[in-house]
Amino acid sequence: MSDQTTAPGADEPREVPIGDDAEEDAVARVLAHADSRARSVSLHGGRASALQDDDSYLSDRDGDQFDREDRAALRRVRGLSTELDDVTEVEYRQLRLENVVLIGVYSGGSIADAENSLRELAALAETAGAVVLDGLLQRRPHPDPSTYLGKGKAAELALIVAELGADTVIADTELAPSQRRALEDVVRVKVIDRTAVILDIFSQHAKSREGKAQVELAQLEYLLPRLRGWGESMSRQAGGQVGSAGAGMGSRGPGETKMELDRRRIHTRMAKLRKQIKGFAPARAAKRANRDRYTVPSVAIAGYTNAGKSSLLNRITRAGVLVENALFATLDATVRKSSTPDGRPFTLADTVGFVRNLPHQLVEAFRSTLEEIAESDVIVHVVDGAHPDPAAQIATVRNVIGEVEARHLPEIIAFNKADLLDDDARLVLRGLEPTAVFVSAKTGEGIDELRARIAELLPNPEVELELLIPFERGELVALLHERGRVISTDYDERGTRVHAFLDPQFTGPFEPFVVVGA
């Protein structure tokens with residue numbers, strides 16, 4: 001005789017023999033504990049919260065998307081054979097992202113936060129070209145120092161990988177080299193981590209010489225402590241009677257293992273890349289000096305990946321920057337010219353997006369690109385207003401801004417995708433950031449308010465002038481509009497009367513036309 005006892009949170013009832021009440025309670029506790037230790041996450045019914053639910057970005061509001069066709073011209077093909085049954089060791093298989101299983105360990109916080117993090121990893125894997133088959137979450141106080149999941153769950157993961165025919169396992173953290181090797185030995189397929197996926201995306205999307213050099217430097221920094229090899233290609237140097245066989249002279253090795261040579265080559269390549277990246281600095285400095293010479297202020301657009309930074313840049317300047325509903329769709333910085341409502345010019349720079357647990361190698365490698373943020377006069381911090389946790393987005397971006405020493409700059413919080421927000425959502429976001437601006441790159445809502453807010457925070461010229469410029473010197477009026485801030489313009493029979501503010505370095509040509517006693 002048997003009865004069905006369902007453990008809390010269990011998916012299906014389990015049959016437990018009727019016996020002592022204490023025995024039933026013990027079995028129920030064991031089942032509940034086992035269920036709480038691991039949880040399979042369905043990744044097909046939900047999307048990463050950083051992604052939009054539709055592809056409405058394809059309208060013409062974003063300008064000419066010249067890069068989208070090239071980006072979609074080459075895609076990986078799903079359904080190819082797995083490497084699980086290969087006889088070669090994992091070490092010598094080709095690193096590729098094809099059919100993948102995701103794993104994660106969480107100790108604190110809610111299960112919703114852990115699932116959202118895993119869905120974001122799924123979006124990253126799909127952006128890199130993989131097909132996500134399944135996800136597995138485990139709750140435990142600390143990741144296992146050996147196999148990350150623990151011995152039992154690693155064996156369970158191996159069964160899931162074999163059943164699904166996966167090629168790769170991706171961990172939602174940065175694995176230690178020893179953890180990756182130990183887990184590979186158990187599951188017998190390639191194991192990579194979140195950092196490797198992000199680096200792979202960056203390597204695909206980098207187009208400029210500087211961007212490619214920065215990504216390669218970050219990849220080499222990540223690879224250096226993770227080199228593997230058995231040292232069989234080349235033997236260490238020895239003298240006299242070599243080994244127990246006494247081979248003698250003429251059998252000495254070259255003195256280094258293959259892995260040591262690889263390390264030396266990587267260090268040499270990294271030194272060249274750092275020198276190359278440093279060589280790009282004078283060009284950026286020259287452009288910045290040119291802007292400074294003409295006192296053109298700069299505004300940097302920063303924000304979480306897929307928050308709509310490129311869409312906002314396109315809406316304001318018609319830049320035609322690639323826009324795609326994917327993480328890290330645009331990587332190289334783009335600078336365009338714009339102007340305030342009163343006609344003052346400024347530059348608007350679109351920077352690389354950020355994400356939680358952004359690899360420190362990328363922050364260091366892209367520090368030169370992130371200088372656009374540090375050297376700007378105003379930061380427009382774009383936040384996805386439709387994101388379920390905008391506070392986490394804001395905290396992530398501000399942490400990176402702090403790393404590049406730009407927290408002292410004026411900041412405008414712009415909640416993008418306002419067309420997806422109702423009044424209640426706006427009220428919650430207003431409580432989060434009372435001075436924020438609600439904008440929509442899709443409909444154009446709030447763009448004029450954003451430009452007005454930028455105009456308020458941009459540095460103003462210092463010298464106030466009251467001028468009377470003859471009609472035949474119209475080029476001075478145009479120059480005044482270009483380099484200063486014109487308050488009012490009037491006309492009489494003697495010429496154009498202008499009230500304006502101008503930087504001291506540009507006042508020379510206008511001194512003969514200053515109205516005395518104004």
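Predicted model: local features only at pLDDT ≥ 70, side-chain atom pairs only at ≥ 80, totals over all residues.
1. **Strand E16.** This strand spans residues 495-502. Seven of its eight residues are buried, so E16 is largely enclosed by the rest of the structure.

2. **Partners of E16.** E16 pairs with two strands named here. With E14, residues 463-469, the pairing is antiparallel and runs over seven bridges. Within that pair, leucine 467 stands opposite valine 498 of E16. With E15, residues 485-492, the pairing is also antiparallel, again over seven bridges.

3. **The turn into E16.** E15 connects to E16 by a hairpin, and two residues make the link. Look at aspartate 492 here: its bridge partner in E16 is glycine 495. When reading side chains along these strands, keep one rule in mind. In a regular strand, side chains alternate between the two faces of the sheet.

4. **The largest nonpolar core.** This core holds 62 residues. Which of them touch the most other members? They are Phe354 and Leu450. Helix H3, residues 111-128, gives the most to this core, with seven residues. A separate core of 19 residues lies apart from it; Val105, Leu149, Leu157 and Val189 are among its members.

5. **Around Phe354.** Set aside neighbours within four places in sequence. Phenylalanine 354 then contacts Ala302, Gly303, Tyr304 and Thr305, and also Leu370, Ile373, Val397 and Val400.

6. **Tyrosine 148: position.** Tyrosine 148 sits in the loop between strand E5 (131-139) and helix H4 (151-164).

7. **Tyrosine 148: surroundings.** Beyond neighbours within four places in sequence, the contacts of tyrosine 148 include Ile103, Gly104, Val105, Arg140 and Pro143. Ala171, Asp172, Thr173, Leu175 and Gln179 are also in contact with tyrosine 148. For Val105 there is a polar detail: its backbone nitrogen lies 3.2 Å from a polar atom of the tyrosine 148 side chain. Serine 178 is 30 residues from tyrosine 148 in sequence, and their C-alpha atoms are 9.7 Å apart.

8. **Glutamine 179.** This residue belongs to helix H5, residues 177-187. At 10% relative accessibility, glutamine 179 counts as buried. What does glutamine 179 touch, not counting residues up to four places away in sequence? The list is Asp144, Pro145, Ser146, Thr147 and Tyr148. The contact between glutamine 179 and Tyr148 ties this point to the previous one.

Conventions
Residues numbered from 1 in each chain as written. Heavy atoms only, no water. Buried < 20%, exposed > 50% of the residue type's maximum accessible area, 1.4 Å probe, protein only. Helix = DSSP H or I, 4+ residues; strand = E, 2+ residues; numbered from the N terminus. Pairing = 2+ DSSP bridges. Core = buried A, V, L, I, M, F, W, Y, C linked by side-chain atoms within 4.5 Å. Contact = heavy atoms within 4.5 Å. Polar contact = N/O pair within 3.5 Å; in protein donor to acceptor, adjacent residues only side chain to side chain.
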